[in-house]
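Colleague: Could you take me through this protein? I would like to ask about a few places as we go.
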Amino acid sequence: MPLKDEPVFNPDHTLDTPQYADIKEAIAGVAPRHGLRETDDYGVIAVSAPVTTNPISKRALEHLRALLKFETVNPPGNETPAARWVEQRLLAAGLEPVFLEPAEGRGNVVCRIAGATDEPPLLLTGHLDVVPVDLEHWDVPPFEAQIKNGYLYGRGTIDMKNHVASCLSIVEAIAQSGQTPRRDIIFAAVADEEEGCAYGSRYLVEEHPELVRAGWMIGEVGGHSMDVNGVRYYPVQIAEKGTALIRMTAKGEPGHGSAPHGQMAMTRLGEALAKLGNNRLPQHNTPVVEAFIRKLAAHQPMPQRAVMPLLLKPALAEVLLTKLLSSSQARSMGALLSNTVSATLLQGSVKFNIIPGEVSATLDGRTLPGQTGQDLVRELRELLGDDLSFEILEECPSLSQPRAESPLFTAICDTLKRHDPAGIPLPTLIPGFTDAQYFSRLGARCYGFSPHRYPREDNIRFMDLFHGHNERIHVDGYQWGVQMLTEVIERFCGLKLLP
Ligand SMILES: [Zn+2]
């Protein structure tokens, strides 16, 4: 997620120093043109609608607690017991789920409720696997679904058994209501998202496309509350960066470890890695990020309202990212503005006393919408020179849609506004990767929307909990979100499930 809910600009910094003169000048130019006052004229925060629980959200909470108790840490995943449990629930609701296990223990469940028309189906999907836990950092056991101080704790509470439980409860409610939705509704609880989707969404899309082909998809990441300088946003994911796994190789003179020399491949590789670590690749303003920054800024107090859009000016972005943002903010925001690479694996000599003639680093590359692995390699050559070689080992294109707007997005925004009048839906690009990469290949327009919120005073940052220690969800905030998701589906599919 691009921004954490902390003050966007470090209050310890001031613009009243010579090196920020250009930024001050730009603010002075921008503010009047946009009808902005120099003072903070934001500050009215409406009180959100009271928490509503209903039978669907209550049952979703029970489902979530049950799902958390299945240890589906990936690797190895072992999603089958959880998938079988979901299957049983669907059968009990009178539905006809399909269970698929592409490898032992890697269970997936797909279920369809037929619609009245041939309008493109809606796919509701979530993954059953979770990332590993570092037990010594957890205050509460991660697989016992304990509730403490209003929060439900457990690995998977926000990534993303919450969404699986919400969708399951809603699908059960549709089945029990006896109503026929306007379009087909497909529910897919899948395996293996955290390790690349081979036994989950990718397998379903490649081997059983007829089961999961949809025009629309609701999955992760988004729908959670995110407070920035007292303003509450709800990110809705509409785009994902692509991936390019690249091997970067340096060559040099081999030799004996006892006699180092000036032509060592390791030295060359080390220089290249240092350069990568200390430089940003060229900035590319994509429509989705531009819209994200402008919308985020438009609701901010001054001076943030004027300063944030300056991130779109490459010459100023460098200063803003390095001098004004905290390192975590700069990391998140920087990843939205450029292609990136992180060196993650090294291959050197076969023996400690042999100077290798060739060494390589594996680079985890991430590409913006509109950029390819080849574009990224070109940028690496420009930065590092021609004496290194680059090989693209694997590539997955980015996922993006030209515009966030659609009937489904409108339903999401209207529902959010009704339940939190001061909240601002914010279409976002995520630097990571989700099942949407695969489901979109069959034509689905994908939105990351698994809504929940945190009490403002708890100062919870979603991204600290996402894959983090003490992962938890606010019990009332979750049920509030289930109600919203239910209303979105009611509206989009012509159903009436809530009183
Ligand atoms: Zn996830």
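This is a predicted model: local features need pLDDT of at least 70, side-chain atom pairs count only at pLDDT 80 or more; totals for chains, interfaces and linings use all residues.

Colleague: Understood. Which residue stands opposite K251?

Modeller: K251 faces E358, which belongs to strand β14. Strand β10 (residues 242–251) and strand β14 (residues 358–367) run antiparallel, joined by 10 bridges.

Colleague: And how many bridges link β10 to β15?

Modeller: There are eight bridges between β10 and strand β15 (residues 388–396), and that pairing is antiparallel. Within it, R247 stands opposite E391 of β15.

Colleague: Stepping back, how many helices and strands does the protein have?

Modeller: The secondary structure amounts to 16 helices and 18 strands. The protein has 499 residues, of which 48% are buried.

Colleague: What share of the contacts joins residues at least 24 apart?

Modeller: The share is 79%, counted among contacts between residues at least 6 apart in sequence.

Colleague: Let us turn to the helices. At what angle do α4 and α16 cross?

Modeller: The axes of helix α4 (residues 161–177) and helix α16 (residues 475–493) cross at roughly 50° and come within 10 Å of each other. That angle makes α4 oblique to α16.

Colleague: Is the crossing of α4 and α16 left-handed or right-handed?

Modeller: α4 passes α16 in a right-handed crossing.

Colleague: Which residues meet there, α4 against α16?

Modeller: From α4 come N162, S166, S169 and I170; from α16 come Y478, V482, L485, T486 and I489. The residues of this contact comprise five nonpolar, four polar and no charged.

Colleague: Now S57. Where does S57 lie?

Modeller: S57 is part of helix α2 (residues 55–68).

Colleague: Why does S57 count as buried?

Modeller: S57 has 25 C-beta neighbours inside 10 Å, so S57 counts as buried; the cut-off is 20 or more.

Colleague: Which residues is S57 in contact with, beyond its neighbours within four places in sequence?

Modeller: Those residues are Q479, V482 and Q483. V482 was named above as one of the α16 residues that meet α4.

Colleague: How far apart are S57 and L485, in sequence and in space?

Modeller: In sequence, 428 residues separate S57 from L485, while their C-alpha atoms are 9.7 Å apart in space. L485 is also among the α16 residues in the contact with α4.

Methods
Residues are numbered from 1 along each chain as its sequence is written. Axes are lines fitted to C-alpha atoms, for helices over the stretch in contact, and angles run from 0 to 180 degrees between N-to-C directions. Helices (H or I, at least four residues) and strands (E, at least two) are DSSP runs, numbered from the N terminus. Angles under 35 degrees count as roughly parallel, over 145 as roughly antiparallel, 65 to 115 as roughly perpendicular and the rest as oblique. A crossing is left-handed if the near helix is turned anticlockwise from the far one by less than a right angle, and right-handed if clockwise. Two residues are in contact if their C-beta atoms, placed from the backbone, lie within 7 Å. Ala, Val, Leu, Ile, Met, Phe, Trp, Tyr, Cys and Pro count as nonpolar, Asp, Glu, Lys and Arg as charged, and the others, Gly among them, as polar. A residue is buried if 20 or more other C-beta atoms lie within 10 Å of its own, exposed if 12 or fewer, and partly exposed in between; C-beta atoms are placed from the backbone. Two strands pair if DSSP finds at least two bridges between them.
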